[in-house]
Amino acid sequence: MIGALLVLGCGGHGRVVADIALERGYTRIAFLDDAPNAAERAGGIEVLGPLARLAELAAEWPAAVAAVGENVTRLALYRRLREAGFETPALIHPSAVVSRRAELGPGVVVAPQAVINVGARIGHAAIVNTGAMIDHDCMIGAGSHIAPGATLSGAVSVGDRAWLGTGCAVRQGIRIGEDVVVGVGAAVVSDLAAGMIYAGVPARPLLQQTSQI
């Protein structure tokens, strides 16, 4: 039995995070969400109201997690939690395989069947999603999202707020800059410059981002 956890956001990713928390033994879970219909999609878990209530709930709910899929928003919520004095635990689904010699920052979420191998370092508020594979000595930046089924070979470096799409594959030793988006099923065989969108086999630049994703 672990205790209470406040989950910020009850969209699809938020409900996945709540489910992971239940599997980890949290005994009390509630959402905060600004959507007026949030309770309709909360899957029976209590919605305590909008995010504006965060500060007043800190005493009763000492631990919380930012559970929004969009990277920049999730990082901003994570910072709000830290500034408000919340604990921000990493949440790892019991079916995930995480080396005891990997390092996970606060607020990290590791979804079912993901693998994180020895020497890997996962930055705060990052997502390692369902079935993603992070091999030895990879470095994943803060607020990044490694999407379902993505595969990173050894010693890959991923910058902050990057988004690696579903089923993409990254060759060993590659450097991926911050705010990069890699398309679904792409094959990354050379370094990727920051702030760009890449897709294809091999991955090639599509366009430069006009805003962070």
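**Loop residues and a parallel sheet**

D137 is found in the loop between strand 12 (133-134) and strand 13 (139-140), where strands are DSSP runs of E with at least two residues, numbered from the N terminus. The model is predicted, so that local features need pLDDT of at least 70 and side-chain atom pairs count only at pLDDT 80 or more, while totals for chains, interfaces and linings use all residues. Residues are numbered from 1 along each chain as its sequence is written, and side-chain values use heavy atoms, with hydrogens and water left out.

**Backbone features in loops**

- The phi angle of D137 is near 65°, a positive value in a residue other than glycine, and at 41% relative accessibility D137 counts as partly exposed (between the buried class, under 20% relative accessible area, and the exposed class, over 50%, with a 1.4 Å probe and protein chains only).
- R161, in the loop between strand 16 (157-158) and strand 17 (163-164), also has a positive phi near 65°, and at 13% relative accessibility R161 counts as buried.
- V201 and P202 are joined by a cis peptide bond with omega of about -5°, and P202 is found in the loop between strand 22 (196-199) and strand 23 (204-208).

- Five strands in the order 7-10-13-16-19 form an open sheet with parallel pairing, two strands being paired if DSSP finds at least two bridges between them.
- Strand 7 (103-104) and strand 19 (175-176) stand at the edges with a single partner strand each, so one side of each is left without a neighbour in the sheet.
- Strand 7 pairs with strand 10 (residues 121-122) in the parallel sense over two bridges, and R121 in strand 10 is the bridge partner of E103.

Key:
Helices (H or I, at least four residues) and strands (E, at least two) are DSSP runs, numbered from the N terminus.
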